[in-house]
Amino acid sequence: MSKLFPNAKTRTQAPYRFDIVGSFLRPETLKQARHQCSCGDISCADLTQVEDSEISKLVEHQKSVGLSAVTDGEFRRTFWHLDFLAALDGVKEVDVEKFSVQFKHHSVRPKTLRIVDKIDFSENHPFIAHYRALQKISGETEVKLTIPSPSMLHLICTVRETDYHPIARYQDNNQLLLDDIADAYIKAMNIFYAAGCSNLQLDDTSWGEFCAEDKRKAYTERGLDLDQIAKDYVYMINKIVAAKPADLAITMHICRGNFRSTWFSAGGYEPIAEILFGHCNVDGFFLEYDSDRAGDFKPLRFIKNQQVVLGLVTSKSGDLENRDEIIARIKEATQYVDINQLCLSPQCGFASTEEGNILTEEQQWKKLEFIRDISEEVWGK
């Protein structure tokens, strides 16, 4: 029993009291192999062998630190989102002059997506093989699959894009686009579930943008109705959740940007809280709360029965937070959400792109040990 919170209980299903967002710093061996493969110095098969080896080491490290569910660290990806989305049927990755959002102090390699045909999901999608490989590596330990939210495809292609021209299928029919995207994700979900997936996380930066006053203003000036777009995104996610098997947990991670320890959105959750927290039927929200950019806990008053994984520990820096301050913030959050609906994690992954954040691997693991110890102190082992 926790001395700090007498009613606090452990948790045996995702999301867990001690959890992670998913990505990890890429080892130099992996970075070198990816570079060699891109130059034609080694084969794709050679790269896969290096990936398998490094993911095996990563999984063992995750187990040793006490995580209930492990990821592949997104070691096979370049970006947290584009790799998955570009491999959907009907989507094409293209080079552009600049990335679709501007990070503070850093520029991302300029890539974006275009919708070129009917959106769908096929069994030749590379993430299926990636998932099966991780299942084999993890053994009896639960695997957590992280993929970009369906909202991201719509956001990148139609909302951020100032010169969007829909293909004939979606001309004057945004509802069909929403349904096609959701149906593609339902197909993906069922294939991953058949392969053993019981823990699916949807990563999403759209809500972080919709929290930011400057971005809301810019979108509104372009004639976009952000509240309607937000409702559309909840519609898509709820359609997917409604089709899920009962023993599959679906969570959502909300982020304000994470590239080389920088960010691109700032603003509390209040503008989207009622629409998202009050109506989205996911099993849990991983919420960024490591800085003033995320605002206070008051928007959590709209949370229903979902778990809320508090991202109170930053992944953008290797410096450890103050233990007592983290516990005090957990206590503050209980003004709005019961202690047994709360969990703890880093605010984001450690490497949303292959470049990674500005901290060392040793600091990365110290962060997780720090979170684990606080979680055990608050909720018990």
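How many helices and strands are there in the protein chain? There are 12 helices and 10 strands, where helices (H or I, at least four residues) and strands (E, at least two) are DSSP runs numbered from the N terminus.

## Basis of the values

This is a predicted model, in which local features need pLDDT of at least 70 and side-chain atom pairs count only at pLDDT 80 or more, while totals for chains, interfaces and linings use all residues. Residues are numbered from 1 along each chain as its sequence is written, and side-chain values use heavy atoms, with hydrogens and water left out.

## Overall form

Along the principal axes, the C-alpha trace spans about 60 × 50 × 45 Å.

Of the 381 residues, 57% count as buried; buried means under 20% relative accessible area, exposed over 50%, and partly exposed in between (1.4 Å probe, protein chains only). Among contacts (heavy atoms within 4.5 Å) with a separation of 6 or more, residues 24 or more positions apart account for 78%.

## Surface and charge

The protein chain exposes about 15900 Å², and carbon and sulfur atoms supply 47% of this area. Accessible areas come from the Shrake-Rupley method with a 1.4 Å probe; for residues, only the protein chains shown count as cover.

There are 45 positive and 57 negative side chains, and the centres of the two sets lie 2 Å apart. Lys and Arg count as positive and Asp and Glu as negative, with His and the chain ends not counted. Each charge is placed at NZ of Lys, CZ of Arg, CG of Asp or CD of Glu.

## Strands β8, β9 and β10

Strand β9 (residues 307–313) pairs in the parallel sense with β10 over four bridges; two strands pair if DSSP finds at least two bridges between them. Strand β8 (residues 284–288) also runs parallel to β9, to which five bridges join it. Seven of the seven residues of β9 are buried, so this strand is largely enclosed by the rest of the structure. The like holds for β10 (residues 342–346), where five of the five residues are buried.

Individual bridges place F285 with V308 in β9, L310 opposite L344 in β10, and V313 with P346 in β10. V313 is found in β9 and is buried, with a relative accessible area of 0%. Beyond residues up to four places away in sequence, V313 touches D290, E321, I326, S345, P346, Q347, K367, F370 and I371. V313 and E288 are 25 residues apart in sequence, with a C-alpha to C-alpha distance of 8.9 Å.

## A buried glutamine

Q62 is in helix α2 (residues 44–65) and counts as buried at 0% relative accessibility. Not counting residues up to four places away in sequence, Q62 touches I20, F24, L67, A69, V70, T71 and W365.

## Backbone geometry

The peptide bond from A14 to P15 is cis, with omega near -5°. P15 is found in the segment before α1 (28–38).

E74 is not a glycine but has a positive phi of about 60°. E74 lies in the loop between β1 (69–70) and α3 (82–86) and is buried, with a relative accessible area of 3%. D172, also a residue other than glycine, has a positive phi near 55°. D172 is in the loop between α5 (150–159) and α6 (174–194) and is exposed, with a relative accessible area of 75%.
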